[in-house]
Amino acid sequence: MSGAKNSALKVFAASLLFRNPVQIKNTPLIEDIFRMKELLSAIGARISNSGNKTFSVEAPEIANTDLDKAITQSLRASVVLLGPMLARYGKVSMPHPGGCVIGKRPINFFIEGLKAMGAKVSEVNGRYYFSAKKLKGADFAFLTPSVTATETLMMAAVLAEGRVIIRNCACEPEIESLAKFLNDSGAKIKGAGTHTIIVDGLGASVWLTAASPFTVIPDRIEAGSLLILGALAAKKIKIKNCEPLHLLSLIAHLEAAGVKIERGADWLAVSKPRRLSALDVKTCEYPGFATDLQAPFTVFLTQAEGKSQVFETIFDGRLEYVNELVRLGANITPCDPHRVIILGPTVLSGRAVESPDLRSGLAFIIAGLIAKGETVVHNIYNIDRGYESIETKLAALGADIKRVQ
């Protein structure tokens with residue numbers, strides 16, 4: 001498996017908290033990483049390739065704290081730079097971050113959390129300005145868990161004066177991995193991976209020191225998507241170098257649908273069963289069913305016998321792609337912006353579709369691989385944002401897939 005996009009991006013941002021270069025291994029070679037490298041270079045960071053999928057990032061002593069508009073508006077993860085930049089340089093400005101069009105993605109959690117830590121925030125002509133002579137201890141609770149906001153406040157708190165308590169945090173494995181690396185480098189973080197994180201700040205002048213490289217954890221979303229594909233079309237595939245414990249909810253749902261899955265410490269094996277049974281799925285925060293696996297699993301449910309329901313609770317625009325699946329032949333009825341009913345199994349027929357975001361883009365590839373005829377997926381930049389050489393990996397499994405201009 002490739003390294004996880006949502007792990008690598010946050011460590012690139014966290015490198016601004018360090019006095020020495022941070023080496024990042026197992027970095028996925030994807031468009032979002034390339035945009036983050038460009039953004040950090042524009043800030044003044046020095047980035048070098050120090051090996052196969054290994055990069056070294058050195059923070060500047062004096063940074064350009066006005067984040068590039070074009071890059072920021074194409075990269076949602078740019079928002080996590082708010083924490084480390086404010087903590088180290090005392091100020092930062094940025095336009096509203098971009099990324100996938102999957103519903104409303106406000107940054108009020110970031111603003112309110114940083115305000116609680118002593119930051120001053122203003123908005124002028126669509127650009128946000130943050131400043132703080134020093135961040136201070138605080139006790140802040142999110143209205144709902146947010147992965148990027150949890151990571152941003154946790155990084156900001158590392159160089160704060162005093163204790164920062166962050167409540168109702170997200171619990172994703174990427175957060176726990178980031179916290180462990182920061183702790184190994186001198187930070188004092190407790191509770192990462194739970195709903196309450198406590199950070200005893202080191203103070204703005206006490207930067208971290210990387211004692212060893214950071215290794216990006218396996219991409220659980222890529223592994224989960226391949227697991228779904230295997231359940232739909234494989235005689236048997238084995239997914240190596242993954243973390244099965246990060247996929248327990250998906251595994252449980254697939255097994256409930258009749259899929260047999262073998263697993264070891266760092267691998268999963270799956271094959272297509274004779275019959276798939278319909279079931280309902282509700283996305284929720286980790287360790288629940290991942291919203292990023294919802295689109296591939298919806299394709300899976302088009303091949304299950306009976307009536308299934310998909311209930312998307314995280315993003316209000318994430319089900320808009322289903323219209324394209326209907327054009328492929330799926331029997332899907334929207335109930336409201338968050339729920340759809342799927343009747344199956346149905347035969348899908350290939351045609352041209354447009355990828356609206358990176359997760360549904362991969363779902364369209366999966367749909368195309370089980371459909372009759374040829375499927376053409378346009379706007380594959382969205383897929384390249386999150387998946388490294390996906391056509392090469394699928395072709396190695398026997399898929400008839402190629403990239404065309």
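Predicted model: local features only at pLDDT ≥ 70, side-chain atom pairs only at ≥ 80, totals over all residues.
S5 and S6 (residues 127–131) run antiparallel and share five bridges. Both belong to an open sheet of three strands, ordered S4-S6-S5, with antiparallel pairing. S4 and S5 are the edge strands, each pairing on one side only. From one strand to the next, the twist averages 15°. Helix H4 packs on this sheet and touches S4 and S6. The direction of H4 makes about 150° with that of S4.

| Element | Residues |
|---|---|
| Strand S4 | 91–95 |
| Strand S5 | 120–124 |
| Strand S6 | 127–131 |
| Helix H4 | 82–89 |

**The helix pair**

Helix H8 (residues 220–233) packs against helix H9 (residues 248–256). Their axes lie 11 Å apart at an angle of about 10°, so the two helices are roughly parallel. H8 contributes Gly224, Leu227, Ile228 and Ala231 to the contact, and H9 contributes Leu250, Ile251 and Leu254. Six of these residues are nonpolar, one is polar and none is charged.

**Tyr321**

Tyr321 sits in the loop between strand S16 (306–311) and helix H11 (322–327). Its relative accessible area is 3%, so Tyr321 is buried. Leaving aside residues up to four places away in sequence, Tyr321 touches Gln294, Ala295, Thr298, Pro356, Ser360 and Phe364. The side chains of Tyr321 and Thr298 also form a polar contact of 3.0 Å. Asp357 is 36 residues from Tyr321 along the chain, and their C-alpha atoms are separated by 8.7 Å.

Methods: Residues numbered from 1 in each chain as written. Heavy atoms only, no water. Helix = DSSP H or I, 4+ residues; strand = E, 2+ residues; numbered from the N terminus. Buried < 20%, exposed > 50% of the residue type's maximum accessible area, 1.4 Å probe, protein only. Contact = heavy atoms within 4.5 Å. Polar contact = N/O pair within 3.5 Å; in protein donor to acceptor, adjacent residues only side chain to side chain. Axes fitted to C-alpha atoms, helices over the stretch in contact; angles between N-to-C directions. Parallel < 35°, antiparallel > 145°, perpendicular 65-115°, else oblique. Nonpolar A, V, L, I, M, F, W, Y, C, P; charged D, E, K, R; others polar. Pairing = 2+ DSSP bridges.
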